[in-house]
Amino acid sequence: MARHRKIQGEEIARNLNRRQLIELEACARCGECTNWCPVYAQDKRECISARGKLAMLRSMLDGSLTAEERTEFLQGLYQCSACGQCHIVCPVRINTPELWEQARYALVSAGIPQPEGQVKQLTTIKGFNNSYGKPQEERGLWAKNAWDAGFLKSLVPLWSERPSSVLYFAGCTASFDPAMQFVAVQTARLLQEAGVEFSILGSDEPCCIGKLRRMGDPAFTEEAQNRARQFDNSGVRTIIVSCAGCYKGLHSDYHSLWPGAQKVLHVTQLYEQLLHDGLLRVQQEVPLVVTYHDPCHLGRHNRIYDPPRNVLQAVPALKLVEMARHRAFSACCGMGGGLKAANPELQHKVSASRIREAEATGAQAVVTPCQTCYLGLLHGVEETSSSLKVYHLNEMLIRSVCPEVSREAIDAAFSGDQVKLK
Amino acid sequence: MIEYFKPWLLFWLAAIVAHGYMDYSFYRKWQGWAQGIRQPFPHKGKQRRIVKIWLAEVLLQRQLFGLSLFRWLVHLLIFWGFAGLALLSLTTFFLRPLDFLGIGWAHYFFSGKGYLFTKVWGDSFGLALLLGLVLAGIRRFILKPAQQGNKQMDIYLVAFLFWLTLSGFFLEGLRLSLSPGGMDSYSFIGRLFMPAGIFTVEQLKFMLVATWSIHAFSALALLVYLPHSKMMHSILAPVVIALNASEESEREDLYWPDIGKYKAKKSRET
Ligand code: HEM
Ligand code: SF4
Ligand code: SF4
């Protein structure tokens, strides 16, 4: 048995980077990571902390992890949003989020699968090319519906019919989730207001498959290469995304596989530029006090801290206040890394803690530029029965640029329903 | 400078075994790491910044400074104290044989005027280490911050280093008590460990040999323990910092946070 465990350990080690193998033994056990981990704050087991995971993975590699510890380790590894907070505070500079993702990949490659909830989600993504398990034909419908309802200045062209210099990649959530389609509609309208020429892929838009990498699915590399080829063959140069998860996927995860990844922009970067150039004009006052939630995938993982803040500050009468934890120390909403799929209740608690922090600022609303964080924060609001409002950053800009395209108006036109949690 | 019996033969045999064991352990570790996927080290054009980061994070431990002044002080004392003493031991290791061969400048450090410099050096770094370990002990056993790990390895290392440092100072005190006058002013800490004048010279000599043996063999035990201890971080943390700085040298949110911009209220002071 011990020998079998050792052989499996070697198999895992072969799929980790050399530097990561060294990192496992470099931990000074200072516990700074335990001070900051948003999940450890809810579940104080050692296996949840970076310190615990490093030690347990090390034991797993040399075959000395007991069966009981192994179960704990797997819980710790997958009930982690790979938010990267431990990376920022670690005095040894251990690149933890990369390590967690690579460890998941190495474990799966050695025949140790992800938790059931994650396997299910991955199967859906690979089977349907979207995380909602819906037919791809429905992907671009939001654009047609928005045009029919009068929210757009013109019908957004499909890339196959009229390619342009910019591709708007709406992503699965804004395309398929009726409660989130307003993000895609508002992005399209704001780009139109600024005179940006762009197209969408419609039913040809693939899932960015960032989630495959998050959860260590070995199919990631090949699938990513397929998508890169698709973009190259279509002549795509610049890609705009309105979701932090898609940004992390297409920009960071594809980085080593595809030179085009450099040309992926988050919509807040573009808005900042458009506002600066006077192409996007804010007019109406938005007299709100808001606090900004940095998505981990934009902030810590990609250092996009300032553009969203600059956009918010450009909105007349809007006041931005910061939470105790912001920028590099922003506490995760718990949606990343497959945590939600592995343990939904835990995600709710993590998010509730973030909502309490947002409430403490005295702000009326928390704003985020990511549809995944948006949904995650809503769970926190529900958990805490908070009266705090959650807004996508688009909504703040829309109120100032063209208030008639509000979320409420879009929701009403699309379904007549209120925003519902899935 | 006094001469007294030291079980050299036994010591050298043990040293060869201990060192051999440590080297073999590192070799095995190296083999383990080599199984992993090769990774580039993209350092071109960034060497200066990487070196700067390394100096700040390893030698000055700026990141701990950013987290807590107290923890920074404790660890800086331990780190520099240990490094200073390790350097002294290493120098002794290489210069002793030269001294035996009668090479003049080596002799200078052991019997000549340089011996006093050696004493001040040893006492200063020893004091830093001892102070650091006492403060670490206060933090660990009295202040007990929640973040602190309390596995055996967390406690053993501090205890082991404390034992080693303390036995070193007792050895120094005994040596001074048997030295013919004048030297003790340079061993400004060691002399505080001089035993009270109730022992005979014979007793002191026996205690000296015993303490020397305890100290010397404990030092060898540290070599054996090192690959299994959390002391691995003192070798690997500098390696990881250098390697990761090659990819992240431009991350001002990681390496040179503008405190006003990035500081958050969470870290505990202890
Ligand atoms: C001569 C080399 C070193 C020695 C003897 C040493 C020794 C120690 C000891 C004994 C502890 C435990 C303190 C306690 O439990 O209270 C410790 C903690 C620690 N060491 Fe080192 N260390 C060395 C080098 C380094 C280096 C080069 C780094 C990285 C830059 C480092 C980073 C740390 C950190 C972050 C902690 C945790 C400190 C805390 O929690 O306040 N050490 N070290
Ligand atoms: S990545 Fe985030 S959730 Fe995971 S261990 Fe680190 S701090 Fe905790
Ligand atoms: S912060 Fe880094 S060095 Fe400290 S315990 Fe966590 S992983 Fe280890």
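**The loop that holds Arg303(A) in the predicted model.** Arg303(A) is found in the loop between strand 5 (289-292) and helix 16 of chain A; helices (H or I, at least four residues) and strands (E, at least two) are DSSP runs, numbered from the N terminus. The structure is a predicted model, in which local features need pLDDT of at least 70, side-chain atom pairs count only at pLDDT 80 or more, and totals for chains, interfaces and linings use all residues. Residues are numbered from 1 along each chain as its sequence is written, chains are lettered from A and ligands numbered from 1 in the order in which they are written, and side-chain values use heavy atoms, with hydrogens and water left out. Most residues other than glycine have a negative phi. Arg303(A) is not a glycine, yet its phi is positive, at about 55°. With a relative accessibility of 40%, Arg303(A) counts as partly exposed (buried means under 20% relative accessible area, exposed over 50%, partly exposed in between, with a 1.4 Å probe and protein chains only).

**Gln61(B), a residue with positive phi in chain B.** The phi of Gln61(B) is about 50°, although Gln61(B) is not a glycine. Gln61(B) is placed in the loop between helix 2 (47-59) and helix 3 (62-67) of chain B. Its relative accessible area is 8%, so Gln61(B) is buried.

**Salt bridge between Arg327(A) and Asp306(A).** The two side chains meet at 2.8 Å, N to O; a salt bridge is a side-chain nitrogen of Lys or Arg within 4 Å of a carboxyl oxygen of Asp or Glu. Arg327(A) lies in the loop between strand 6 (319-321) and helix 17 (339-342) of chain A, and Asp306(A) lies in helix 16 (residues 306-314) of chain A, so the pair ties together parts that are 21 residues apart in sequence. Arg327(A) counts as buried at 9% relative accessibility, whereas Asp306(A) counts as partly exposed at 28%. Elsewhere in the chain, Glu98(A), Glu101(A), Arg213(A), Arg214(A) and Asp253(A) are joined into one network by salt bridges that share partners. Over all chains, a search of the whole structure finds 29 salt bridges.

**Salt bridge between Arg139(A) and Glu205(A).** The closest N and O atoms of this pair are 2.8 Å apart. Arg139(A) is in the loop between helix 8 (116-128) and helix 9 (141-148) of chain A, and Glu205(A) is in the loop between strand 2 (198-199) and helix 12 (210-214) of chain A, so the pair ties together parts that are 66 residues apart in sequence. Arg139(A) is buried, with a relative accessibility of 1%. Glu205(A) is also buried, with a relative accessibility of 3%.

**Surroundings of ligand 3.** The shell around ligand 3 consists of Cys27(A), Ala28(A), Arg29(A), Cys30(A), Gly31(A), Glu32(A), Cys33(A), Arg51(A), Leu54(A), Cys90(A), Pro91(A) and Val92(A) (a residue is near a molecule if one of its heavy atoms lies within 4 Å of it). Helix 3 (32-36) and helix 4 (50-61) of chain A are the elements that give two or more residues to this shell. One of the surrounding residues, Arg51(A), forms a salt bridge with Glu46(A), with the closest N and O atoms 2.7 Å apart. Arg51(A) is buried, with a relative accessible area of 5%. Glu46(A) is partly exposed, with a relative accessible area of 27%.

**Nonpolar surface patch on chain B.** The patch is formed by Val134(B), Ile138(B), Phe141(B), Ile142(B), Leu143(B) and Phe162(B), which together have about 530 Å² of accessible area. Patches are made of residues with over 30% relative accessible area and no salt bridge, with like charges joined within 9 Å and nonpolar side chains (Val, Leu, Ile, Met, Phe, Trp, Tyr) within 5 Å; accessible areas come from the Shrake-Rupley method with a 1.4 Å probe, and for residues only the protein chains shown count as cover. Helix 6 (residues 114-143) of chain B gives the most to the patch, with five residues. Ile142(B) lies in helix 6 of chain B and is exposed, with a relative accessible area of 64%.

**Ile214(B) and the helical setting of chain B.** Ile214(B) is in helix 8 (residues 201-225) of chain B and is partly exposed, with a relative accessible area of 40%. The C-alpha atoms of Ile214(B) and Leu127(B) are separated by 20 Å, and the two residues are 87 residues apart along the chain. Chain B has 10 helices and zero strands. Its C-alpha atoms fill a box of roughly 65 × 40 × 35 Å along the principal axes. Of the 270 residues in chain B, 41% are buried.
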